[in-house]
Amino acid sequence: MESIGTFLPLIAMMPFVGALFPGLMIQAGRNVCAMTAAVPTILAIIMLTICAPAVLDGEVLQFSLPWLPSLGLNVNFFLDGLGLLFAGLILGIGILIILYARFYLSRQDPMGQFYTYLLLFQGAMVGIVLSDNILLLLIFWELTSLSSFLLIGYWKHLPEGRQGARMALTVTGMGGLAMIAGMLILGNIVGSYDLTVILENKDAIQASPLYLPALLLILVGCFAKSAQFPFHFWLPHAMAAPTPVSAYLHSATMVKAGLFLMARMWPVLAGTPEWFYIVATTGLITMVLGAVIALFKDDLKALLAFSTVSHLGLITMLLGFGTPLAAVAAVFHIINHATFKAALFMTAGIVDHEAHTRDIKRLGGLRHLMPITFLIAMLAALSMAGIPLLNGFLSKEMMLEEAAHTVWAGSPWLVPALATLGALFSVAYSFRYIVHVFLGDVRQDYPSKPHDPDFGMWAAPGFLVLLVVLIGVLPAVAEPLVRTTAGAVVGGELPYFSLKIWHGLTPALFMSAIAVAGGALVLSIHSVLAPRWDAAPRPEAKQIFDAIARTATVFSRWLTDMLHNGSLSRFAAIFAVAVIAAGLFAWTGGEAGPPVREPLEIAAVPAIAWALLVLCSLGMLVFHRNRLLVLILMGVVGLIVSLAFIYFSAPDLALTQISVEVVTIILLLLALNFLPKVSPKESSPGRRLRDGVVAGAGGLAVAGLTYAILLGDFAQESISAFHLENSYSGGGGTNVVNVILVDFRGYDTFGEIIVLGIAALVIYALSQSVLGGAGGRWLASGELDSKKAGDRHPLMMVIASRVMMPIALMAGVYIFLRGHNEPGGGFIAGLVVAIALVMQYMASGFAWAVARQRVPYHTTIALGVMAACFTGVGAWFAGRPFLTSDFGYVTIPPLEKFELATAMAFDIGVFLCVIGAVMLALDSLSSMARRAGETVNQLPMDIDPARRSVANATDKMAVAAGKEA
Amino acid sequence: MEFLVASAIGVLTAVGLYLVLRFRSFPVILGISMLSYAVNVFLFATGRLAVDMPPVLSEGVTAYTDPLPQALVLTAIVISFGMTAVVVLLALGAYLSARTDAVDIGLDDQEADT
């Protein structure tokens, strides 16, 4: 059945694809919008129907597609009875909700958004129930949390909606995190993340010492999703959503996801005492608690919300019993609950829609005004109460039957008694839904005069109630589905059972009778009980939740503020210490390779260079307040680093380092033109000591690590040999470093020149915004004027730089051309040319140089990136991937044979980009100088007229002093 | 020789860290530059040290130093220039706009957090 299996991913995909359209189609009207939402759902239902016969015959359909097999994450889907039931519920009720919502939503509500969210949610739910890979399942699981957040908070203008959505997301999201941990443990025990494999390893899982942690974590996820005690509180708050959302999320889908997962995992997790006591007890408490609270809620939807909590508890309890027959009852009740609860939510929505209130105290007597709604609501509520001839009765009887012979911690009566109590309250609130809303006298004070809605609105609940009655009268129609599903839950043979109305005078029948009679009695004294219940002190879940959330916020704010209070030096210190600690941890925890390499001899010249480097570095510490001096010292350090690169066989690096060094120092000098020339003495001795300790520790750590690396060997075989071998044959160049840059790792280089270009543009934007603001005004005011040299543009330097310009450009071209085979290349050539240009700025003045600049530097950057890009694209025309290089040898007669490589065109891109970026950065700085009032010098020799008079005066004074002497 | 390189990287790191922890933008920039030197040399050194073995293929030579860290560091040098330039402009812009080059503007008690 391979061919049918391929429907599975399509079924899961369909709602996601469909989600794209309603938002667009809303332009064409509300009906069209609703229809576009219905189409993908209907298509999915059709595909599911095609799959159904095979599944009902006991087959398991599968589809698999490797996604990230190395992580065990595969797009595997499978469809068995359980998946079929849930997918059918999700899609079937989904289509009814789409119909209902079309009529429920008002003109003010953005309907396109609603259907998009709804379909997203529907797709996530279908994905959960069809997944055959637990990692894939977890992805869909989280998607349901996110999309339900959007649905619950759909009415963004209501604070309750936003709070409810946030609470639901927090609770189910945290449950989801626990679930991820639990599932990963499970996958580790089994050694596979495929659900079908996990389900076959019951013994391995239950024997594992990690069984209990995994169980607890998975159950936290399920309980949070299915609103089980003590996570039940989010569900009533989610009622702030529009009623179609409540009907969908809380009858058939979202909250059933937890039940689904418990049922899915039942074969491997159930059957242990841990499972029984945790799951059954939680379910029992939730069932009773939810039922009692529901009775005293005056809001229709709140009543239904707590009744949902109660019924979810019931199903959880049944799954917790761990017996096959209880599983059958659980499956049956899932179907029945989905039908009558969705119908009830929709009738509540109708009442709200027509009477403009959901407050039971303001309702009553509606049976005369809305007879159709009354009929639907009554049948659904009676089914919820468990009255014979309706489907709720059948599964409730089965539940009571199972409860009747369940022994809890040695006590045979505790579970039956509490189950009966839960059923009793369930009857009471169900009757209340009928009696207090529909029966009684017609009132005159409804906020709006109620009447039955159009067919479109009651069609969906009407259809569901038909099912309620049909299954209730003829339970056999549901039997094949229940049997297949329960078989899938149990994962084996089922004991004999049959779904029928009359089982004889069983204990369950008596319990049921007590529940109905007692429920009616409790309702009759509701008016007495309600004030006492309201007066009784009890913990308010929302307040507790808010308090916890507030505490967490306060704590995280405190932690963030403590680590990062806005002080850069404090943050840098914390960061440095944290990195050192992490390194220390790794060093002590890991295992370093032994020192196997022989150290090189220490030669005299390198030793002197080392001494110079250390001396200058330490000098920087001592003199760091004198900014000009410290810049010179740093220049020395940079020079020695370049020399070290040459010495240790890295000529390309040396060339790059030395040219970058020049540009950097010039840049810093230009900046220093505006910045203060000295740093004040600010830090206390204690602070300096602390910084010294941190810095010393960091230096020692890095030195130690480097030393260990230098004397150790590679842990894995290096890939460098590949590059050395293929550089000439594959890349056509003998300078391996350059071939790596422009060929082997061309993509990296492409990214890097783009980064460089962006950095330059950022610099430009920054300088423009500074000049446009207060900084620019300050510059223009001239207050910042620093001391000026007597001759702004020394004659010797101007002439020399202008003469050198063509030579320097030629050197740049030469370095560029030789780059593929000898040290050089685009990066270095770009820097050399940039230096030649910068020299003009330095010697002849910014304004002079800018006046002669023909091509804007932005354009140069763009040309560079485009050249590199088009070279890469060129490879496509040869039918090869982006940036595949090619080369060949050409002979033009008088010249020798020479090589042409596409990598060279790429290198031109690098070259242009580097020039543009460096120049744009310096040009941005120079624009500040121009703002500060620099004028264009007309002659090569240019003496500042302002300084001339001062100089003359000094000269005269000197002359005078000489005379006196 | 390995000891000299390792200790030089250590000194560069220590000085860089100390300068980064100062209160004025200019020493912080210099500190970042020093750290860049340290990191670049460190990355280069992961290819291990070799004298007179440049990775330029030539006839009759069989031993070359590791070219890969060199290619990595070459772009790193250029990128760290780009980064320095951005930081310089940031510092300059901050100084011109706020008329102070203190890095922690608005924190009255810079000593308080020691």
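This is a predicted model: local features need pLDDT of at least 70, side-chain atom pairs count only at pLDDT 80 or more; totals for chains, interfaces and linings use all residues.

Q: Which residues of chain B does the UniProt annotation "transmembrane region" cover, and what is the chain like over residues 28–51 and 71–96?
A: An annotation of this kind comes from a record and is to be set beside the coordinates. The unreviewed UniProt entry assigns "transmembrane region" to residues 6–21, 28–51 and 71–96 of chain B. Over residues 28–51 the chain is 75% helix and 0% strand, with end C-alpha atoms 34 Å apart. Over residues 71–96 the figures are 100% helix and 0% strand, and the end C-alpha atoms lie 38 Å apart.

Q: How many residues does the contact take from chain B and from chain A, and what area is buried between them?
A: A contact between chains may be read first by its residues and then by its area. Chain B contributes 82 residues and chain A 115 residues. About 9,100 Å² is buried between the two chains, with carbon and sulfur atoms giving 77% of that area. On the chain B side, M1(B), R48(B) and F81(B) lose the most area to chain A, together 9% of what that side buries.

Q: How many salt bridges and how many residue pairs in polar contact are counted between chain B and chain A?
A: The count is 3 salt bridges, and 20 residue pairs are in polar contact, with both residues at pLDDT 80 or more. The helices α1 (2–20), α2 (25–45) and α3 (67–98) of chain B each supply at least two residues of the side that touches chain A. The largest share of that side, 24 residues, comes from α3(B). By residue class, the side of chain B that touches chain A divides into 57 nonpolar, 14 polar and 11 charged.

Q: Where in the chains do D691(A) and R22(B) lie, and are they buried or exposed?
A: Side chains of opposite charge can pair when their charged atoms come close. In this model, D691(A) and R22(B) meet in a salt bridge at 2.1 Å, N to O. D691(A) belongs to helix α31 (residues 685–711) of chain A, whereas R22(B) is in the loop between α1 and α2 of chain B. Both D691(A) and R22(B) are buried.

Q: Which residues do salt bridges that share partners join into one network?
A: A residue may take part in a salt bridge with a further partner, and the pairs are then read together. R930(A) and D923(A) form a salt bridge whose closest N and O atoms are 3.9 Å apart. Shared partners join R627(A), E682(A), R24(B) and D101(B) into one network. Within it, D101(B) pairs with R627(A), the closest N and O atoms being 2.7 Å apart.

Q: Why does Q840(A) count as buried, and which residues is Q840(A) in contact with beyond its neighbours within four places in sequence?
A: Burial is read from relative accessibility, and the cut-off for buried is under 20%. Q840(A) counts as buried because its relative accessibility is 8%. Q840(A) is found in helix α37 (residues 826–844) of chain A. Leaving aside neighbours within four places in sequence, Q840(A) is in contact with S801(A), R802(A), M805(A), G845(A), W848(A) and A849(A).

Terms used: Residues are numbered from 1 along each chain as its sequence is written. Chains are lettered from A and ligands numbered from 1 in the order in which they are written. Side-chain values use heavy atoms; hydrogens and water are left out. Helices (H or I, at least four residues) and strands (E, at least two) are DSSP runs, numbered from the N terminus. Buried means under 20% relative accessible area, exposed over 50%, partly exposed in between (1.4 Å probe, protein chains only). Contact means heavy atoms within 4.5 Å. Buried area is the accessible area (1.4 Å probe) that two parts lose on being put together, summed over both. A salt bridge is a side-chain nitrogen of Lys or Arg within 4 Å of a carboxyl oxygen of Asp or Glu. A polar contact is a pair of N or O atoms within 3.5 Å; within protein, one must be able to donate a hydrogen and the other to accept it, and residues adjacent in sequence count only if both atoms are side-chain atoms. Ala, Val, Leu, Ile, Met, Phe, Trp, Tyr, Cys and Pro count as nonpolar, Asp, Glu, Lys and Arg as charged, and the others, Gly among them, as polar. UniProt positions are given in the numbering used here, feature names are shortened, and annotations may be inferred rather than shown by experiment.
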